[in-house]
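Subject: Handover of a structure and findings

Dear colleague,

Please find below the structure that I am handing over to you. My notes on it follow directly after.

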Amino acid sequence: MNYTSVTRYAEEHRIAVCMVSTANVCYMNAPAYGENYYDLVHKEIPELFPANFPISSRPEDSYICG
C-alpha cells in the first residue's frame with residue numbers, strides 16, 4: 001500500500017479493499033503446494049468479509065481487480 005493511492009480512493013469512494021497475496025500462483029488453486037487461492041478469492045473472502053464487516057454481500061457490489 002505504500003506509495004499508492006489505494007487508501008485515498010477507498011476513503012473517497014467509501015469502499016472496502018482486500019489485498020490478497022497469492023505468491024506466484026496467479027490466483028489459481030495449487031494443490032501440489034497445498035494452496036487454493038482461487039477458492040480463497042472466489043468463495044471464502046466473499047463469505048468472510050460481509051459476515052465480519054459492515055459491507056454488502058450482493059455479488060454486484062463486489063469486484064476483483066489485479
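Is Glu 12 buried, partly exposed or exposed? Glu 12 has a relative accessible area of 49% and is partly exposed; buried means under 20% relative accessible area, exposed means over 50%, and partly exposed lies in between, with a 1.4 Å probe and protein chains only.

Before the other findings, a note on the source is needed. This is a predicted model, in which local features need pLDDT of at least 70 and side-chain atom pairs count only at pLDDT 80 or more, whereas totals for chains, interfaces and linings use all residues. Residues are numbered from 1 along each chain as its sequence is written, and side-chain values use heavy atoms, with hydrogens and water left out.

Salt bridges

Side chains of opposite charge can pair when their charged atoms come close. A salt bridge is counted when a side-chain nitrogen of Lys or Arg lies within 4 Å of a carboxyl oxygen of Asp or Glu. By this rule there are 4 salt bridges.

One of them joins Glu 12 to Arg 8, with the closest N and O atoms 3.5 Å apart. These two residues are 4 residues apart in helix α1 (residues 6–13), so about one helical turn separates them. Helices are DSSP runs of H or I with at least four residues, numbered from the N terminus. Arg 8 is partly exposed, at 42% relative accessibility.

A network of salt bridges links Arg 58, Glu 60 and Asp 61. Between Arg 58 and Glu 60, the closest N and O atoms are 3.3 Å apart; between Asp 61 and Arg 58, they are 3.0 Å apart. Relative accessibility is 45% for Arg 58, which is partly exposed. Glu 60 is partly exposed at 48%, and Asp 61 is partly exposed at 36%.

The largest pocket

The largest pocket holds about 1100 Å³ of space. A pocket is an open set of points on a 1 Å grid over the protein atoms alone, where a 1.4 Å probe fits, with protein on both sides within 12 Å along at least five of seven lines; lining residues have an atom within 4 Å of a point. The volume is the space filled by probe spheres set on the points, which are joined across faces, edges and corners.

Of the 29 lining residues, Ala 16, Val 17, Cys 18, Tyr 63 and Ile 64 are the closest to the centre of the largest pocket. Helix α2 gives the largest share of this lining, 6 residues.

Yours sincerely
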